[in-house]
Amino acid sequence: MDHIPYPVATSVPPIEVPLLVFHTGSCSDAPLEGPLEAEESSEKLTDPECAVTRNLSAGAASEVDSGSTSDWTLEFWRYPKKKGWVVSDSQSWWTSDAEETARRAQEWMYFELLRRFLGHPIDVSNVSRKRENSERLVIDSSAIPGLLGRWSADQGASQEDAQSHTGTTSNAPKKKEAVLLLLARVLLECNRLDDFSKPAQTISFAIRVLVETLIRATCISANITKTSNVQNLESNALLKQRFLRNGWCPYQIERLWGQYPPSTTYYLSSLFREPTFGGVQHDQCNEFRCMTTSIDPATYEHRHAESCSIESNPCQMVGVQSSTVAECINGGHIPLIKFEESVDGILRPSIVESHNDLRYVALSHVWSGGLGNVKANSMFSCQLRKLHGLLQTIRENGDDNLDRDRGSRKTRGMKRDLRASLRMKPLPEQPVLLWIDTLCVPVGIEHTQAYKRALAQMAQIYVQAQCVL
């Protein structure tokens, strides 16, 4: 699958698709230097041990006419019977042997499909390579875009010749529709492979990516703009395991199925997801719920900042009155937090009603990180001081000194966001204001109406913010 996009900055290795059809019997010794001639192939087809290899490289190449699209689609479906895999109409082309089924699928729905689509024999050395530090062969699809480019040029030339000789328009659109129907049916056949073990699943996914590529090439050639011809990838066992190994949550994975085509889903599975706040993994998550981002109000606890030393410096909860927050929201305003140092040295927040001249920073966070509070509009003073310090850095120094304090990974990420999105300082006489739901969305059943209005304000809050962390 070397022809599709792959992340550059990733430590996740790509999926390598084994070349199975050239490792059966004496076929493993077959030369791979170039396309076999049709005459040689027709002779070798009588050799049961080498029929697979020879038939793939050229096969019945003389039967293939790149202009006879409807003809080759029929020949493609006859292939299993021609190979002797199917004797009667009631017999299936697959077997109970997973590796043999994978080999047949690769031979038929990958190489034979590609050969029939292109209309000429395939140089096997152009679509395979040796694995690093190994003699085993894997598929190398990096040549496919070039092959399809030449195919597209030939298609255009054939249509022009047909029109100049007959004076009528070509029936190419109907032939392209037949090809699209065939490719859609190939995907249905791939579903059978997903029930087998990993080799068959790997071959199945490689076929899905090839089919996606051929569909796109067909649509471009026929000036078809409908993207619905490319089918999105439904649940896939091979990629699911890849997602999980790379740190994805099962709940996130489940929401991806059916949203993107195979190539895009493969790209996403190649991105490593770092653990959530505090290094929490997704071991306890399932496809219905992410336990790391879900909270139980009955047991949820607001957390101290990582730098807080409770023993040497007792930390207390400070906040604002929920009734004050509700009154501000019910009056049609957005409540903002202003920080003030009290005589006892405790940083205390107060509510300021928003207006057009006020600049503020909105903080978006996941409650499982410990910044939320289900009981009151308050936070530990250590958390408030941490947030206030970050905002003061912007007010006093711009983004020049953001990297001096390395902080936690989360803090460094917040600083990068600030550096990228907050390029202007607040006015000297204006304090740094903050919006965070923990303090600015009223808590308590008596403030239900204000709570609903606060949720309705969310889009406006983030749009009007000077920046969003």
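The structure holds 14 aromatic pairs, where rings of Phe, Tyr and Trp (its six-membered ring) pair if their centres lie within 6.5 Å, counting as stacked with planes under 30 degrees apart, as edge-to-face over 60, and as tilted for the rest. One of them joins F76 and W108, a stacked pair at 5.3 Å centre to centre with 25° between the planes. F76 lies in helix α3 (residues 69-82) and W108 in helix α4, so the pair ties together parts that are 32 residues apart in sequence. Please keep in mind that this is a predicted model, in which local features need pLDDT of at least 70 and side-chain atom pairs count only at pLDDT 80 or more, while totals for chains, interfaces and linings use all residues. Residues are numbered from 1 along each chain as its sequence is written, and side-chain values use heavy atoms, with hydrogens and water left out.

**Overall picture**

- The protein has 16 helices and 9 strands; these are DSSP runs numbered from the N terminus, with helices being H or I of at least four residues and strands E of at least two.
- Of its 469 residues, 45% count as buried (buried means under 20% relative accessible area, exposed over 50%, and partly exposed in between, with a 1.4 Å probe and protein chains only).
- Among contacts between residues at least 6 apart in sequence, 72% join residues at least 24 apart, a contact being heavy atoms within 4.5 Å.

**Rings and charges**

- F76 and W108 are both buried.
- W93 and W94 form an edge-to-face pair, at 5.7 Å centre to centre and 85° between the planes.
- Ring pairs link F76, W77, W93, W94 and W108 into a cluster.
- Elsewhere, R273 lies over the face of W248, at 4.6 Å from the ring centre.

**Helix α4 itself**

- Helix α4 covers residues 98-118, which makes 21 residues, and reaches 29 Å from its first C-alpha to its last.
- That span is close to the 30 Å expected at 1.5 Å a residue, the expected span being 1.5 Å times one less than the number of residues.
- A kink of about 30° in α4 is centred on E112; the bend at a residue is the angle between axes fitted to the seven residues ending there and the seven starting there.
- The helix is mostly covered, with 19 of its 21 residues buried.
- At the start of α4, a side-chain oxygen of D97 comes within 3.0 Å of the backbone nitrogen of E99. This is a polar contact, meaning a pair of N or O atoms within 3.5 Å; within protein, one must be able to donate a hydrogen and the other to accept it, and residues adjacent in sequence count only if both atoms are side-chain atoms.
- Just after α4, G119 takes a positive phi of about 85°.

**Q106, a residue of α4**

- Q106 lies in helix α4 and is buried, at 0% relative accessibility.
- The side chain of Q106 reaches the backbone oxygen of P18 at 2.7 Å.
- Leaving aside neighbours within four places in sequence, Q106 is in contact with V17, P18, L19, L20, V21, F111, I139 and I203.

**Other buried positions**

- I144 belongs to helix α5 (residues 144-166) and is buried at 1% relative accessibility.
- Not counting residues up to four places away in sequence, I144 touches Y110, L114, L210 and T213.
- T218 sits in helix α7 (residues 198-221) and is buried, with a relative accessible area of 0%.
- With residues up to four places away in sequence not counted, T218 touches F117, W151, K176, V179, L180 and L183.
- L137 lies in strand β2 and counts as buried at 14% relative accessibility.
- L137 and V17 are 120 residues apart in sequence and 8.8 Å apart in space, C-alpha to C-alpha.

**An exposed loop residue**

- N133 lies in the loop between β1 (128-130) and β2 (137-139) and is exposed, with a relative accessible area of 78%.
- Phi of N133 is near 60°, a positive value in a residue other than glycine.
- Most residues other than glycine have a negative phi.

Key: A charge sits over a ring if NZ of Lys or CZ of Arg is within 6 Å of the ring centre and within 35 degrees of the ring normal.
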